[in-house]
Amino acid sequence: MQKGTEFVATKVKPAYRLALGKQIKAQFSDGKWHSFETIVTKTGGRAKKVWGTLDHMWRYGTHKTKCERKKVGTEYHFRLSPKDKQISVQELIEKLTPILKELEVQGRANAATMSPPTVRIMTAKIQKLLEEWAERPTAGQGTRRRGSLPTRPL
């Protein structure tokens, strides 16, 4: 080593944390609540590393995952879902509001003026939207501008 040469320390994500995050996502990204202890047990990781990985998923949405956390008794439970299966609130409001208004009109009508075929049509529209949202690879694709910051769950 020559005099005057400095080494700059850079923070590199350890491969262990990346692999652990992928494992957690693969096993628990089902939209159901899982206890922290269950996640630690099934992944076989150290509790501190698992907590750190889940914390990053929760705070920053790492591993393209939406992570929610709640306290149940004395322990935490986590719910993970892939970001590509999320639908924006704006899209839900935009597409469901007209259907809900029509159903509300039908619900207020008396038996003589109510239209069962209209209710069937509205339920078919809801079913079609649900199928569309379930099949597409990325929900809300094209609705965000490039370079916009990702939103963090509250």
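This is a predicted model: local features need pLDDT of at least 70, side-chain atom pairs count only at pLDDT 80 or more; totals for chains, interfaces and linings use all residues.
When I speak of a contact in this talk, I mean heavy atoms within 4.5 Å. With that in hand, take threonine 118, which is in contact with Glu102 and Gln106 once its neighbours within four places in sequence are left aside. What does the side chain of threonine 118 make a polar contact with? The partner is the side chain of serine 115, at 2.8 Å, where a polar contact is a pair of N or O atoms within 3.5 Å, one of which, within protein, must be able to donate a hydrogen and the other to accept it, and where residues adjacent in sequence count only if both atoms are side-chain atoms. Threonine 118 itself sits in helix H5, residues 116–135.

Residues are numbered from 1 along each chain as its sequence is written, and side-chain values use heavy atoms, with hydrogens and water left out.

Now the overall layout. The protein chain has 5 helices and 3 strands, and along the sequence these follow the pattern α-β-α-α-β-β-α-α; helices (H or I, at least four residues) and strands (E, at least two) are DSSP runs, numbered from the N terminus. Of the 154 residues, 24% count as buried, which is to say under 20% relative accessible area, with exposed meaning over 50% and partly exposed in between, using a 1.4 Å probe and protein chains only. Among contacts with a separation of 6 or more, 56% come from residues 24 or more positions apart.

Let me turn to the sheet. Its 3 strands form an open sheet in the order E1-E3-E2, with antiparallel pairing, and two strands are said to pair if DSSP finds at least two bridges between them. E1 and E2 stand at the edges, each with a single partner strand, so one side of each is left without a neighbour in the sheet. The twist averages 30 degrees from one strand to the next; axes here are lines fitted to C-alpha atoms, for helices over the stretch in contact, and angles run from 0 to 180 degrees between N-to-C directions.

Strand E1, residues 33–35, is joined to strand E3, residues 75–82, by 3 bridges, and histidine 34 stands opposite phenylalanine 78 in E3. Between strand E2, residues 65–72, and E3 there are 8 bridges; threonine 65 has proline 82 as its bridge partner in E3, and cysteine 67 has leucine 80. E2 and E3 form a hairpin with 2 residues between them, and glycine 73 in the turn has a positive phi of about 65 degrees.

Helix H2, residues 36–43, lies across E1 and E3 and runs at about 75 degrees to E1. Helix H3, residues 47–60, packs on the sheet, touching E2 and E3, and its direction makes about 115 degrees with that of E2.

Which residues have the most contacts inside the largest nonpolar core? They are Ile24, Ile39, Val50, Leu54, Phe78 and Leu80, in a core of 13 residues, a nonpolar core being a set of buried Ala, Val, Leu, Ile, Met, Phe, Trp, Tyr and Cys residues joined through side-chain atoms within 4.5 Å. Helix H1 (15–28), H2, H3 and E3 are the elements that give two or more residues to this core, and H3 gives the most, with 4 residues. Isoleucine 39, not counting residues up to four places away in sequence, touches Ile24, Phe28, His34, Val50, Leu54 and Phe78.

Staying with H2, its buried residues include Phe36, Ile39, Val40 and Thr43. Seen down the axis of H2, the buried residues fall within an arc of 95 degrees, so they line one face of the helix; the arc is that of the directions from the helix axis to the C-beta atoms. Thr41 and Lys42, on the other side of H2, are exposed, and H2 is followed by glycine 44, whose phi is positive, near 75 degrees.

Finally, the loop between H3 and E2. Histidine 63 is found there, with a phi near 60 degrees, a positive value in a residue other than glycine. Lysine 64 lies in that loop too; its phi, near 50 degrees, is again a positive value in a residue other than glycine, and lysine 64 is exposed, with a relative accessible area of 63%.
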